[in-house]
Amino acid sequence: MGKSFLKNHPTMLVFLALLALFTLAITVFSEAYGSGLVSTSFVKTLGKTLCLCLVAIAMDVIWGYAGILSLGHFAFFGLGGYMIGMWLMYERTKEVVLRSLENQTIPPTETEISDAIATQIFGVVGSSDFPLIWSFAHSLTLQLILVVAVPGILALIFGWLAFRSRVTGVYLSILTQAMTLALALYLFQNDSGLRGNNGLSGLQNLPHVTAPQSEISMWFLWASAAALGFGYVFFTMMLSGKFGMVVKGIRDNEQRVRFLGYEVEHYKLFLFTVTAIVAAVAGALYYPQAGIINPAEIMPIASIYLAVWVAIGGRGRLYGAVIGAAFVSLLSTWFTGGQAPDIPLGFYTISWVDWWQVLLGVSFVLVTLYAPKGIGGLFDLLKRKEVQK
Amino acid sequence: MSTLLEVSGVSVSFDGFKAINNLSFQIGKAELRAVIGPNGAGKTTFMDIITGKTKPDEGRVIWGDRSISLLGMSEAKIAQEGVCRKFQKPTVFEDQSVRDNLMMALKRGRSVWDVLKYRPGADNARLEQLADEIGLLSEFSRPSGELSHGQKQWLEIGMLLAQDPQLLLVDEPAAGMTPAEREHTTNLLVEAAKTRAVVVVEHDMEFIRRLNCKVTVLHEGSVLAEGSLDHVTSNQEVIDVYLGR
């Protein structure tokens, strides 16, 4: 990374500085390492928000830059969460099982331990055997590889089929939505091997770690901030040169790019897969902070929210996606957490827990109609004013 | 003169309508050719077939010294082979600068990997030279969306030249241009045809006269006449279907 690269991307420097400052501030005010002004549960909320910002920039790259409105990227996010969740749950349950068997006079056999873990995990769906897909759950390394590999390969196969047939525009959006819906419905089944609608739970407990949640939550916040920083720099570098030009060209006039000799499908497939992998990494960091993952997380509505965040924040600029995701998801937490004061109208009381979604929907429509550049567009206005002065 | 492109016996129909009917066409390696014909004669479909956008029902399209078939190749592969196309409406990437448009067109590796590791520094001189050729050096860093209609046309021609193609397909290059701009365009095309094949589709007879080249008249999807402009304009059939109206 040369000096000129940094100089040419002042917003990236500002972003990284703000992210570092934010992380430092939360650390200083945290319960674990600081004054305790910021509660552990709020640290978790912020850590999760950073992960949502990361998946939002992936969404911005595929939609804002390449013009592919994927309504399925949350499927990759969820799959990342499931993959890390399998190891967390296996290892944690094993720990508990071993402790409970400690006092037995006859030491338990491997099979007995394995059966006990399986019963613990799968009893809830009426099974006591490990499904095949849990073969690697004992190994953190292998599951970490799967975090990247499973969503990556799914994106590759799905993308290859869709782009090769030149499915574009709204049809592609529908197709991606069908993909995430199908995946969610499959995972809802009890015999899918991932505990059906119960999902994977207790993910906030790290195996072999005795530190309190207040500390663990800080570790995840740091990891999430680092991942967001890396993701931001990675995409900025990728899109800054000729590759970014071609990608924007594909968004603006796909056919023209093709006649220039670029295999448009290869570019789309590459971006679809890379953004899916970044989404999966974000998910793998998110769900240990959330503590639970179930198939409802990857229903199409989640991916639609993702698009709404990016639209509200401002498409085609990475910081716009970050602003959108952070702003809307934190606001959503505030409104749905019951903290927002209800508005009594006499004949009817507006309760924000119910009406927040309406507000969000209306603001999405308004942004699309009147401020297509989203919140990020405000920065353009400021810049223009400065130039005029 | 050896043949660069040979189209023989090509037909294509859309929903029963025969857009191209047993069309044959040849062009040499350094030749300028004008293609004229009334609306619906199949001029654009003809270009679509050569560039791979439309697959013909029958016929052959043979290309280059190695006599390979262009049928069944993707648009991008055909473009990489050296067939480049300029559309009727100027289509440049409006969000991006003149320099970026030319850089994308410049003949360099087209794969994802090539493009990701591309470093622009080495090509700056070449890009400036290209911009100079098309008279846009002073607009080098401007977003191309801010250019005038004629300037966009030139930029697109510049993008074609940047690709260093063997065959240039140009659809109505003079549409909407001022007389001065037309002259500039004519010069660019005549200059280009010294080293490569150029096919110009045009309605404007005056423009074609200036090009001073062989003319192919299309009608109802096949070749009606071919020869010098004076030769085809004195052909009774051509007068009936095209000029006489």
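Q: Which residue of S2(B) stands opposite B:Leu5?
A: You're looking at a predicted model, where local features need pLDDT of at least 70 and side-chain atom pairs pLDDT 80 or more, while totals for chains, interfaces and linings use all residues. Residues count from 1 along each chain as its sequence is written, with chains lettered from A and ligands numbered from 1 in the order written. Strands (E, at least two residues) and helices (H or I, at least four) are DSSP runs numbered from the N terminus. In S2(B), the residue opposite B:Leu5 is B:Ile27.

Q: Which strands stand at the edges of the chain B sheet?
A: This open sheet has four strands in the order S2-S1-S4-S5, with antiparallel pairing (pairing takes at least two DSSP bridges). Each edge strand has a single partner, so one side is left without a neighbour in the sheet: these are S2 (17-28) and S5 (68-69) of chain B.

Q: How are H13(A) and H14(A) oriented to each other?
A: Helices H13 (residues 318-336) and H14 (residues 352-370) of chain A pack at about 150°, axes 8 Å apart. Axes are fitted to C-alpha atoms over the stretch in contact, and angles between N-to-C directions run from 0 to 180 degrees. Since over 145 degrees is the cut-off, the pair is therefore roughly antiparallel.

Q: Which helix gives the largest share of the side of chain A that touches chain B?
A: Here 19 residues of chain A contact 23 of chain B (C-beta atoms, placed from the backbone, within 7 Å). H9, H10 and H11 of chain A each supply at least two residues of that side. The largest share, seven residues, comes from H9(A).

How values were computed:
Two residues are in contact if their C-beta atoms, placed from the backbone, lie within 7 Å. Angles under 35 degrees count as roughly parallel, over 145 as roughly antiparallel, 65 to 115 as roughly perpendicular and the rest as oblique.
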